[in-house]
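Dear colleague,

Please find below the sequence and structure that I am handing over to you. My notes on what was found follow directly after them.

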Amino acid sequence: MARAWKRRKIDVAELVLGMKRNDRVAWCSWVVFLLLAGCLSASANAQSFEITGRTMGPIEYRVVVSGESTEKLPQDTARQMINAELQQVNRLMSTYLADSDVSRFNRSDSTDWFTVDALTAQVVQRSIDISQVTRGAFDITVGPAVALWNFGAQQQATAQLPSEKELQQVRAVVGYGKLSVRQEPPALKKEKAGVQIDLSAIAKGFAVDQVAGALDRSGVTDYLVEVGGEVRTRGDNLQGGPWRIGIEKPTEAGRDVLAVAALENQSLATSGDYRNFQLIDGRRYSHTIDPRTCRPVEYGLASSSVVQDNRANDGCMTADALATALMVLGAGQQEGEDVRQRCLDFCRDQNITGFFVRRDQSVSEGGSAGFSTFSTPGFPLAAPALVEETGQSSGSIWPALLGAVVVFGIAILGMAVGAIFGHKPIQGSCGGLSAGSGQAGDTACSVCEQPADECPDWEETKESSEVPNEPAP
Ligand code: ADP
Ligand code: MG
């Protein structure tokens with residue numbers, strides 16, 4: 001009977017797997033190697049650390065460093081470095097700190113050059129550039145209007161609707177043409193007393209760029225930096241792919257994800273009307289101000305998200321400012337205006353990549369749960385998803401493990417089919433199989449050509465029946 005086993009019959013395993021027995025040994029070894037390599041590489045990629053905290057008052061920040069980058073920068077050093085960068089931006093640009101560059105400049109009534117730090121001058125210069133590009137939709141001199149609508153550092157518990165006279169007074173000091181900046185030596189200049197600046201719509205993006213620059217200089221190549229929702233990424237996430245960033249549904253209550261952007265060496269900034277607003281006489285007023293009217297924007301977008309490549313080192317700062325500008329440019333004078341076309345035309349003309357959410361009904365008039373989205377060509381939208389993935393998922397090893405189990409299962413199945421239907425022994429040591437036992441208490445040793453140590457009896461049987469292969473009759 002044993003002789004019959006050795007006759008050359010149709011080897012089903014050969015049919016199924018398309019290879020001869022010796023090839024199958026090599027193939028199995030290769031599968032095992034791949035599985036091990038996969039597991040090892042999964043665990044290598046699984047290295048990451050995350051540093052979180054608060055900056056500029058209540059704003060949350062998060063830095064994730066993944067992969068081999070973690071070896072270049074110890075976590076404690078990274079934390080110190082990140083905090084130093086964020087504190088510097090806060091110290092210079094906060095409207096909440098009395099001695100910041102911004103607060104001191106705002107208090108001054110002098111129309112002479114006012115000395116500031118080089119970084120402050122750099123951000124103001126970029127702000128003025130973006131004001132020009134956006135025809136004044138982005139304007140850091142909007143500060144007095146921001147305060148008038150009860151936003152910002154001097155915010156009161158309740159807000160009053162400003163009078164027309166008050167609006168006229170702030171219009172007289174708002175306008176980026178009333179502000180000058182120079183770099184050598186760094187200084188700002190106001191055209192008249194009362195001109196003030198508010199860097200809230202650009203400082204977070206700038207802080208992100210500063211942290212990213214520090215990580216770059218430390219040799220870190222795979223990271224995500226986020227400050228208050230403005231994000232900059234480089235390299236790969238924990239799974240070795242693009243960083244995936246959730247874009248929120250524009251709802252006040254939850255943090256549901258509406259869509260996911262997959263970023264590759266890009267920054268993403270989002271401005272919205274859904275979290276920071278004033279309720280005056282039952283009507284909602286957004287914290288985004290149209291600098292030309294000094295009124296909160298209406299009838300426009302619920303949120304705008306802008307993506308910028310990091311080729312320039314100010315990618316996130318630019319995205320941050322443009323996202324605010326698009327909230328202004330997208331706003332209408334009345335409900336029903338073609339906000340979509342206006343946004344898309346502007347983005348096409350200025351080569352801006354964006355994703356926009358529009359409410360079906362103006363939120364200031366009660367709003368509705370419904371909203372629609374539109375985006376420019378080239379926006380890196382991954383399939384809309386329900387959960388945000390930022391490379392921090394603790395279950396990241398499972399896809400690799402599942403893949404490994406499936407591949408391994410197919411290999412075992414193919415060989416089992418070959419062994420059973422072809423009455424062929426399985427090549428290899430069968431270490432795991434030999435330990436199992438059947439219903440009658442017999443082990444699985446009999447299916448193994450090279451049984452493990454647990455199979456001494458089978459080894460003897462096998463040796464006595466060993467004959468050269470004969471051609472099939
Ligand atoms: P977020 O803080 O949610 O990222 P933005 O980046 O759009 O939102 O910043 C909004 C803040 O910027 C406002 O709270 C206000 O202080 C200021 N701001 C409002 N309107 C403008 C504008 N048109 N240009 C520049 N800054 C603005
Ligand atoms: Mg912003």
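Axes here are lines fitted to C-alpha atoms, for helices over the stretch in contact, and angles run from 0 to 180 degrees between N-to-C directions. Helices (H or I, at least four residues) and strands (E, at least two) are DSSP runs, numbered from the N terminus. The model is predicted, so local features need pLDDT of at least 70 and side-chain atom pairs count only at pLDDT 80 or more, while totals for chains, interfaces and linings use all residues. Residues are numbered from 1 along each chain as its sequence is written, with chains lettered from A and ligands numbered from 1 in the order in which they are written.

Helix packing. Helix H5 (residues 75–93) packs against helix H10 (residues 203–217) at an angle of about 150 degrees, and their axes are 9 Å apart. On the side of H5, the contact (C-beta atoms, placed from the backbone, within 7 Å) is made by Met81, Ile82, Glu85, Leu86, Val89 and Met93. H10 contributes Ala203, Phe206, Ala207, Gln210, Val211 and Ala214. By class, this contact has 10 nonpolar residues, one polar and one charged. Ala, Val, Leu, Ile, Met, Phe, Trp, Tyr, Cys and Pro count as nonpolar, Asp, Glu, Lys and Arg as charged, and the others, Gly among them, as polar.

Ligand shell. Ligand 1 is surrounded by 20 residues, of which Ser200, Ala201, Ser271, His287 and Thr324 are the closest; a residue is near a molecule if its C-beta atom, placed from the backbone, lies within 6 Å of it. The shell divides into nine nonpolar, eight polar and three charged residues. Helix H11 (residues 315–329) gives the most to this shell, with three residues.

Strands. Two strands pair if DSSP finds at least two bridges between them. An open sheet of three strands runs in the order E8-E9-E18, with antiparallel pairing. Strands E8 (243–248) and E18 (381–382) each have a single partner strand and stand at the edges, so one side of each is left without a neighbour in the sheet. Six bridges link E8 to strand E9 (residues 257–263), and Trp243 has Leu263 as its bridge partner in E9. Elsewhere, strands E11 (residues 277–280) and E12 (residues 283–286) run antiparallel and are joined by four bridges. These two form a hairpin with two residues between them, and Asp281 in the turn has a positive phi of about 50 degrees.

Confidence. The protein averages a pLDDT (the predictor's confidence in each residue, from 0 to 100) of 77, and 68% of the residues score at least 70. Over residues 424–473 the pLDDT stays under 50.

With kind regards

Notes. Contact = placed C-beta atoms within 7 Å.
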